[in-house]
Amino acid sequence: MKYLYKYPQTEFPYSQLVEENRRRGKDQPEFELLDTGVFKDDRYFDVFVEYAKGDVEDILIKITATNRGPEAAPLRLLPTIWFRNTWSWATDEARPDMRQMPGSIELAHPTLGKRWLYCEGSPELFFTENETNHKRFAAHA
């Protein structure tokens with residue numbers, strides 16, 4: 001499987017997308033990323049993500065980023081691995097765990113067992129709990 005994501009080199013217009021779509025009625029089309037003008041002057045990155053199965057339990061991932069702009073620009077890639085949050089549905093369900101290991105991330109799931117994500121090179125790893133911010137969500141609903 002291969003997909004292409006086009007990422008602008010300017011600040012991502014998240015607030016503009018939220019505000020404009022909040023202002024529009026249900027009878028109007030959705031305000032899209034292309035409508036914001038962030039791709040003006042072709043200042044963006046093409047980010048290709050490719051997946052291939054090496055075996056039933058072995059998935060390979062390759063990420064390639066290409067600067068389509070006229071000059072050098074910084075880009076930070078943050079590949080993400082996550083578990084579907086089913087533990088908040090029932091109080092007796094155990095949470096999965098992730099931890100940094102030399103050259104990899106060890107994933108431990110109560111049902112799926114252990115898995116590993118191996119990284120090429122020595123990337124800086126970030127771990128976070130990414131629960132829904134219900135207070136913010138309610139304020140924008």
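Author: Two strands are said to pair if DSSP finds at least two bridges between them. Strands themselves are DSSP runs of E with at least two residues, while helices are runs of H or I with at least four residues, both numbered from the N terminus. The model is a predicted one, in which local features need pLDDT of at least 70 and side-chain atom pairs count only at pLDDT 80 or more, whereas totals for chains, interfaces and linings use all residues. Residues are numbered from 1 along each chain as its sequence is written, and side-chain values use heavy atoms, with hydrogens and water left out.

In general, the strands of a sheet pair through backbone hydrogen bonds, either parallel or antiparallel.

Seven bridges link β1 to strand β2, residues 44-55, in the antiparallel sense. Within β2, Val-49 is the residue that stands opposite Tyr-3.

Tyr-3 also belongs to a nonpolar surface patch, together with Met-1, Tyr-5, Tyr-51, Ile-59, Ile-61, Ile-63, Leu-75 and Leu-77; the accessible area of the patch is about 830 Å² in total. Patch residues have over 30% relative accessible area and no salt bridge, with nonpolar side chains (Val, Leu, Ile, Met, Phe, Trp, Tyr) joined within 5 Å and like charges within 9 Å. A salt bridge here is a side-chain nitrogen of Lys or Arg within 4 Å of a carboxyl oxygen of Asp or Glu. Accessible areas come from the Shrake-Rupley method with a 1.4 Å probe, and for residues only the protein chains shown count as cover. Two or more residues of the patch come from each of β1 (2-8) and β3 (58-67). The largest share is that of β3, which supplies three residues.

Tyr-5 lies in strand β1. Because its relative accessibility is 38%, Tyr-5 counts as partly exposed, a class between buried (under 20% relative accessible area) and exposed (over 50%), with a 1.4 Å probe and protein chains only.

Thr-86 counts as buried because its relative accessibility is 17%. Its side chain makes a polar contact of 2.7 Å with the side chain of Glu-93. Such a contact is a pair of N or O atoms within 3.5 Å; within protein, one atom must be able to donate a hydrogen and the other to accept it, and residues adjacent in sequence count only if both atoms are side-chain atoms.

β4 belongs to an open sheet of three strands, ordered β4-β5-β6 and paired antiparallel.
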